[in-house]
Amino acid sequence: MAVADWLAALDRRAALRAKAGLTRRLHPRAAGDDVVDLAGNDYLGLATHPEVVAAAARALSAYGLGATGSRLVRGSTDAHHALEDALAGWLGTDRALVFSSGYLANVGAVRALVRPRTLLVSDAHNHASLIDGCRVSGAETVVTPHADVTAVAAALAAAPGRPAVVVTESVFSVDGDLAPLARLHATAREHGALLLVDDAHALGVTGPAGAGAVAAAGLAGEPDVVLTATLSKALGGAGGVVAGPAEFVRHLVETARTFIYDTALPPAVAAGVHAAVGLARTRDDLRADLSRRAALAVRRLRAAGLDVSTPDAAVVSVTAPGPEAATGWAAACRDRAVAVGCFRPPSTPDSRSRLRLTISAGVSQAEFERALEVIVECAP
Ligand code: PMP
């Protein structure tokens with residue numbers, strides 16, 4: 001195909017997506033704007049916390065802008081190692097390894113768990129990074145219905161004698177519901193399988209001292225559990241972590257391509273996230289506030305007749321009648337200085353379009369309540 005034909009085909013495809021109301025758009029955000037943010041993932045308001053910013057600024061002066069190389073070359077700074085020790089201590093695992101994003105942590109972790117003949121059992125609502133990890137690994141993957149432990153057990157039972165890994169999020173990113181972690185672990189253990197949990201939306205938000213849903217389920221430090229998370233949500237920074245048995249973390253350093261061949265996280269970000277870990281551990285008050293607000297959102301929005309998910313952490317989703325309605329709803333909120341997430345297929349695990357509200361301690365109670373009113377008033 002000539003280049004011009006290919007570009008014309010891309011145009012036709014974009015037109016089809018536009019007709020279906022599915023065009024993806026970038027909305028520039030000005031620093032310090034006065035928008036009430038229910039779209040970002042800064043759950044504890046740590047992205048702008050003075051101690052976090054100061055720690056990052058000190059490291060920025062000390063190390064410069066970038067890591068200058070991959071972790072195995074010159075990119076493994078003291079700031080990375082200190083962060084990894086702090087994360088392992090907080091999460092209650094042998095060791096933790098920092099990647100430059102949660103996406104790369106997931107792809108690297110899933111792939112590294114795969115041995116010859118491994119079966120992956122992946123929840124239907126899993127994040128794209130887990131799905132890509134399954135794909136990149138080349139392993140046979142069974143996708144089980146969402147949060148269906150019986151289906152997981154059946155998939156494992158159908159592969160006797162084979163290594164297997166059950167792959168799930170803890171708090172699911174689209175609807176905010178919590179996976180049945182204890183039952184998934186018991187099922188995995190019964191079949192000699194491993195459990196990989198992406199704790200992205202729970203880290204800092206739930207669990208003892210905010211250590212996440214894996215810790216809350218009593219699974220931290222179990223030899224058959226591997227935890228992953230992004231450092232970009234409640235910790236307000238960027239990067240990803242894989243935490244688990246020391247043997248597995250050593251195996252990641254030796255083999256994970258998304259660790260080995262990727263430039264390390266900027267040291268200033270590692271230092272800022274380290275400060276954020278220290279703060280996050282102490283803020284049970286903010287966590288209690290997030291869960292009160294999630295409950296308030298559910299009550300207010302349901303009272304207005306909206307279809308609202310039942311959140312287990314700080315993610316609340318509200319069904320929209322369709323993709324165009326979702327886009328229009330989010331735009332109307334934005335016009336009234338309220339930012340909400342707008343999720344449409346294929347970024348949703350089913351055909352439903354949704355608004356996604358992520359609740360942040362950085363938003364005042366008054367702003368939060370006004371935002372709920374705006375969402376109701378703008379409903380299609
Ligand atoms: N897992 C989940 C559940 C997520 O929501 C995200 C972020 N969107 C990621 C992984 C990827 O993390 P990162 O943005 O750090 O690449």
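This is a predicted model: local features need pLDDT of at least 70, side-chain atom pairs count only at pLDDT 80 or more; totals for chains, interfaces and linings use all residues.
**Exercise 1.** Determine whether helix 2 and helix 12 are roughly parallel or roughly antiparallel to each other.

*Solution.* Step 1: Locate the helices. Helix 2 covers residues 50-63 and helix 12 covers residues 267-282.
Step 1: Read the geometry. The two pack at an angle of about 155°, and their axes are 7 Å apart.
Step 2: Apply the cut-off. Angles over 145 degrees count as roughly antiparallel; helix 2 and helix 12 are therefore roughly antiparallel.
Step 3: State the handedness. The crossing of these two helices is right-handed.

**Exercise 2.** Describe which residues form the contact of helix 2 with helix 12.

*Solution.* Step 1: List examples from each side. Helix 2 contributes residues including Glu-51, Val-52, Arg-58 and Tyr-63, while helix 12 contributes residues including Pro-267, Gly-272, His-274 and Leu-279.
Step 1: Sort the contact by class. It has 14 nonpolar, 2 polar and 2 charged residues.

**Exercise 3.** Describe the annotated domain and its secondary structure.

*Solution.* Step 1: Consult the record. An unreviewed UniProt entry places the feature "domain: Aminotransferase class I/classII large" at residues 34-375.
Step 1: Read the composition. Over residues 34-375 the chain is 44% helix and 17% strand.
Step 2: Compare the ends. The end C-alpha atoms of residues 34-375 are 17 Å apart.

Technical notes: Residues are numbered from 1 along each chain as its sequence is written. Axes are lines fitted to C-alpha atoms, for helices over the stretch in contact, and angles run from 0 to 180 degrees between N-to-C directions. Helices (H or I, at least four residues) and strands (E, at least two) are DSSP runs, numbered from the N terminus. Angles under 35 degrees count as roughly parallel, over 145 as roughly antiparallel, 65 to 115 as roughly perpendicular and the rest as oblique. A crossing is left-handed if the near helix is turned anticlockwise from the far one by less than a right angle, and right-handed if clockwise. Two residues are in contact if their C-beta atoms, placed from the backbone, lie within 7 Å. Ala, Val, Leu, Ile, Met, Phe, Trp, Tyr, Cys and Pro count as nonpolar, Asp, Glu, Lys and Arg as charged, and the others, Gly among them, as polar. UniProt positions are given in the numbering used here, feature names are shortened, and annotations may be inferred rather than shown by experiment.
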